[in-house]
Every structure is written in C-alpha cells, then in structure tokens.
Amino acid sequence: MTSPLAAGDLDATERLRRAEADQPSSPVARFGADEPLLLDSGAVLAPWQIAYTTDGTLNADRSNAVLVCHALTGDQYVTTPNPVTGKPGWWTRMVGPGRPVDTDRFFVICANVLGGCLGTTGPASTDPQTGAPYALNLPMITIPDMVRAQAMLIDRLGIDTLFCVVGGSMGGMQVLEWAASYGPRVFSAVPIATGARHSSQNIAFHEVGRQAVMADPDWCGGRYLAEGRNPKKGLAVARMAAHITYMSDQSLHSKFGRNLQDRDKVTFGFEADFQIESYLRHQGMSFVDRFDANSYLYVTRAMDYFDIAARHGDVLARAFRHTRTRFCVVSFTSDWLFPTAESKAVVHALSAAGANVSFVEIDSPKGHDAFLLEEPEMFATVRGFLMGAARARGIPGPAEIAEAPALQRAGA
Amino acid sequence: MIRSSEPVRVDLKVVAELVHQGARVLDVGCGEGELLEYLAEERGVDGRGIEISQAGVNACVARGLSVIQGDADRDLGYYPDLAFDYAILSQTIQATHAPKHVLGELLRIGNKAIVSFPNFGHWDVRMRLLFGGRMPVSEKLPYSWHDTPNIHFCTIRDFVSLCDEIGARVEKAVALNGSGARVPFNMPWSWWNLFGQQAVFLLSRKE
C-alpha cells in the first residue's frame, strides 16, 4: 500500500513533519529485531527507534548525564530549534549554558517519547510489516513503556547512572516512573507540575480531546495518513480544550478578560468575537501542523493509564522503598490540572519511604503551563537543588571546569 | 547563608553539640535552613527539613538542603517510626497548635528529640508582666499578642512536666541566659526557669 502523500492539500510544514516520523533531523537510535521493546500491553515492538538530541559534554566517568523528559506535545528539541516549526527549543529557559540545567556542566539528553511523531516509533511511523504508517495498528503505549525505551537509549549511549531526570507534566510522570522502576540508575529526580497518577478529571479532558479527533471525518478510522488526509479540525478542537486546562482562570482573565478581537462590538454571530476565542483558534490551528492526530490519541492514553501506586498495592510509598534517589518536587499554586495535592501525595509517599526529598510550591498565577514559562522561583529552586546534588555526586562546577584546562596548560 | 566567619547563633551550637557525627536529622520548622546547614558543616549530618513558609522552603532548597513545605501539626504522621536519629524542633514548639502531639511524634520519628524554645518563665518576662501588666514584647519575643505565630508559650517547668506526662526522659538540658551564656547545670529547675532565656532539651522515650 502506498500513500498518496503527493496530494496537493498537504502544506509544506505538514509534509516536513511526516518525513520526520521515520527520518528525523536529530540523531536516532535504531533497535533491530534482536533488541525488541517489550510493552506493558504484552505486545513486542521490533524493530523500533528512538530519536533524541544531546547538549553539553559527557564527562570522563559518565556521571553528568541529565535526561530531560518532555510533556504531551513536546519533542526532543529542548535546546535546539524544532525542524518543523523553526521555533527555538521548548525549554531554553531551564536548559542551556548558565541555566539551571547547565549545559556547561551537564550532558543533557532529550528523547522524543514512544508514541510521538518526530522520529521515535509512533503511529505515524512506517510499519515494516506493511510499508504503510502504523496508524491504529501500533500497540498501546504506556508511560513505563516510554521510560523502558529511554533506558535502552541510555544503555546504547553507554551511560549507567543518570545524574538527574527532570521534566514537567507528562515529563514529570516519566521522572517518577524512572525513579520507581530504575531507582539505582537515577541519582536525582525533579518531577515538576505532575502526579503519580492521572486523575479522573484529567482522563475526562483527554477523552473529550480524543473524541474530537475521532469525530472528524478526515480521521478516517485512523487511516488518514494512508488516505492523504488530516483530521485538522478535530485535533485543533482537542488542543483548544486542552489548552484551557494549561492556564488558570486568573491568567485567562488578566490576559484576555472579555476583550473583543479587532472589533468594537459583538457581531451577533459565531465568529471569534472575543480575544480568547481567537487565541484558542490560533493555538488549535498552529498545533495541527506540527503534531500527528494518532500520536495525540496514543500519548494521552498513556497518561490516562498512568498510576504508579496501582502497581504497588495502592501504596505509593512501596514504589519508592529503599530509594536512594534525591528528589525535588515542584508544584504551582494555580495549576488545577496537576494541583499541589498531587505533588504532596508524592512527597508524603517519599517521606514515608525515607527518601531524600525537597518540595516547593511556587506561587504563580500562570496555571499548569507555568513550568514552561519565566518562573524565577522555579529556576532558583532547580538550580539550588542541582548544585547540591552535583556536590554530592562530585561533579565539578563550571568554574572548576574552566580552571582545569588552564592547569593542564600550565603543567605542559 | 551563614558563613564560617559570621557569628553562629549560640542555640545552634548547643544543638550541634547534642548531635553525633553523620546522624540522620529531621529539623521541624527549619526556617531558612541555618541549623541544617550548620549541622551539615559541623557534624556531617544527613539532614531533612519541614518548613511551613514558602519563602523559607525556597531559600532552603536553593541552598541545596532537602526541605519540604509542610506543617508540624499535620505532616509528621507521614514519617515512619525511627526514621531519624534526631528529630529537632528548634524555636518552633510555641508556634504549634498541639505541642503535646508534636512532641509525641518527634519521639516516634526520631530515636531522640531535641527541642529548643524561649522560656516564658524568664525573669524579664515575669517583670514585664508584673510591672508593665502587658504581654511582653522584646527583642527575643518581638510579636504583639494579637499578631503572633507563637500561640503556645511555656516555661521550662511547664515543659519538664509535659515531658513527664508523655513519658519522655530528659537526657540533657541546657539553659542559656540573656547574653547567651549557659546557666550552670548544677542549679535547681527553679533557678533555670528564672534565669534561662532559652532552653534546649535532649529527650528520649522512657522504655
């Protein structure tokens, strides 16, 4: 089966993105039939691949690697421009030279999640059995599956222990999963704006999004790639609904209020009279170019299935028994998608497990998205935590690194 | 941050002397982490903290300490028995809602408990009450009665009888006078209660 991708209704951005699914611009680790990925569903994925970027330099004893885990619609381009949109890396405020996750000091790895659409095996990838995109033939993916895939990448890169695993939202779920399932390989962990399970309310919002995608006639029962179509409207609506959950009532109100969009009075019609409507429509439409609709279904499902305690007799503390990982848990006051109570449940479980844990609730009006935005308190917290952890791990600071070559020169 | 060149609060020193090298320590109400940092430097402790104010917690984490935002009255129950060698309540017991409960929790979580507090039986407090007729406000007790986190002041004698009541053994006690010097240990409790401005107790469970 060949896909009539040449059909003229695909714009350049979308064509670019579809090409990235199999042949990403970033480095990619390919695993053959001899290195299958065992999935929680019982299915086996082989061959499969994981696309990633790195930044900074791995030190001689391989002790300074930091894994950054991205959120639902993120990607591996944490510090470098996204090849599809051309936009700068998604977390350059947090990661980079002199930033809290300092690439002058740490070797940063960020991989596209399993089920994603920018180079790691996902529903948009070509199924080697058929030569056509997997679409809904891809087995269901879970957060532990994503982490298992990352662990195999880390093995491939020759790294035994990660100095830190850090991420927000779904990235934070992966951080917790790393700590629960690969504790000895995680020296420190920074789960931000996240929880150890997806709440009923969160599942509800995801279901609305999935139903919006599947209600779009262009979804074609999931076979839109093979049929040269794209359920843009459904995916845009899913994104619009989700975007509301990333903000807060307060931030929406202060940003948009009831302001009208390019007009003095309401039109008595269904155009985007209000700025907030126009904003959401823009968010929806710009999202569909860079994201695959089936990926959205798979990855939201993975979040819904996430519940660490359920695998440990409903006692979260048991998941972290004997852990030696140092944790820094961060939440935001106005985040109603992953409210502070979810973070506190994690903190209490870690305390009960005798873990080394710090916890900060950042006062911010920006809602869930705060972790991606300018939040000086969050940066100070993560910076301080990583400095303390690096000291404990014996990773030299940037000043010491700068001195080292000078000493060598003096000795030579 | 407290640097070694700066004078260290004498009550921190007293606490540090009660803690053994490399101990596991929980500091309940750790403020901005002065004590935890001092104990890490001086005693190499594996320290954790609980602090109610966000500003305090942020300051602690930013200086590399392991501290969670929480409440002594509510959040101690999450810790398992004997999770720490020492559970410390430094200048905090007077701000808890249920001092008796908190003290019991300290002795459950920690093998030993260290409690330091301002002594409301100090002669200066008594004089202000006797002659001023008003709740004392001083450098050490800077809040007005209506706007203070300190809701459960006690005297050294009150504290000793509370220890008795909950079955805590006083292993060591130190009282500091207004200028930070130790009140001689061979004096009777009544003397300590009059001249100790601050007190530091090392407690254990009676078997």
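Analyst: In chain B, 67% of the contacts with a separation of 6 or more join residues 24 or more positions apart. Contact here means heavy atoms within 4.5 Å.

Two notes on the basis. The model is predicted, so local features need pLDDT of at least 70 and side-chain atom pairs count only at pLDDT 80 or more, while totals for chains, interfaces and linings use all residues. Residues are numbered from 1 along each chain as its sequence is written, chains are lettered from A and ligands numbered from 1 in the order in which they are written, and side-chain values use heavy atoms, with hydrogens and water left out.

Chain B has 8 helices and 7 strands. These elements are DSSP runs numbered from the N terminus: helices are H or I with at least four residues, strands are E with at least two. The radius of gyration of chain B is 16 Å, close to the 17 Å that the globule rule gives for 207 residues, so chain B is as compact as a globular protein of that length. That radius is taken over C-alpha atoms, and the rule is 2.2 Å times the number of residues to the power 0.38. Along the principal axes, the C-alpha atoms of chain B fill a box of roughly 45 × 40 × 35 Å. Of the 207 residues in chain B, 51% are buried. Buried means under 20% relative accessible area, exposed means over 50%, and partly exposed lies in between (1.4 Å probe, protein chains only).

Helix H1 of chain B shows the burial in detail. The helix runs over residues 10-18, and its buried residues are B:Asp11, B:Leu12, B:Val14, B:Val15, B:Ala16 and B:Leu18. Their cover includes helix H2 (34-43) and strands E4 (84-90), E5 (110-118), E6 (168-176) and E7 (198-205) of chain B.

Now chain A. Chain A has 12 helices and 12 strands. Its radius of gyration is 22 Å, close to the 22 Å that the globule rule gives for 412 residues, so chain A is as compact as a globular protein of that length. The C-alpha box of chain A, taken along the principal axes, is roughly 70 × 50 × 50 Å. Buried residues make up 56% of the 412 residues. Residues 24 or more positions apart account for 73% of the chain A contacts with a separation of 6 or more.

The UniProt record (unreviewed entry) places "domain: AB hydrolase-1" at residues 64-374 of chain A. UniProt positions follow the numbering used here, feature names are shortened, and annotations may be inferred rather than shown by experiment. Over residues 64-374 the chain is 35% helix and 14% strand, with the end C-alpha atoms 25 Å apart.

The part to look at closely is the annotated site. The UniProt annotation "active site" (unreviewed entry) covers A:Ser169, A:Asp335 and A:His368. These three span 200 residues in sequence, yet no two of their C-alpha atoms are more than 10.5 Å apart, so they gather at one spot.

Take A:Ser169. It sits in the loop between strand E9 (162-168) and helix H3 (170-181) of chain A. A:Ser169 is buried, at 7% relative accessible area. Leaving out residues up to four places away in sequence, A:Ser169 touches A:Ala71, A:Ile192, A:Ala193, A:Thr194, A:Met303, A:Phe338, A:His368 and A:Phe371.

Next, A:His368. This residue also lies in a loop, between strand E12 (356-362) and helix H11 (376-393) of chain A. A:His368 is buried, with a relative accessibility of 2%. Beyond its neighbours within four places in sequence, A:His368 is in contact with A:Ser169, A:Ala193, A:Thr245, A:Tyr246, A:Asp335, A:Leu337 and A:Phe338.

A:Thr300 is in helix H8 (residues 293-305). A:Thr300 is buried, with a relative accessible area of 0%. Not counting residues up to four places away in sequence, A:Thr300 touches A:Leu72, A:His206 and A:Arg210. A:Asp249 belongs to helix H6 (residues 249-255). A:Asp249 is exposed, at 66% relative accessible area. From A:Asp249 to A:Gly119, 130 residues apart along the chain, the C-alpha separation is 36 Å.
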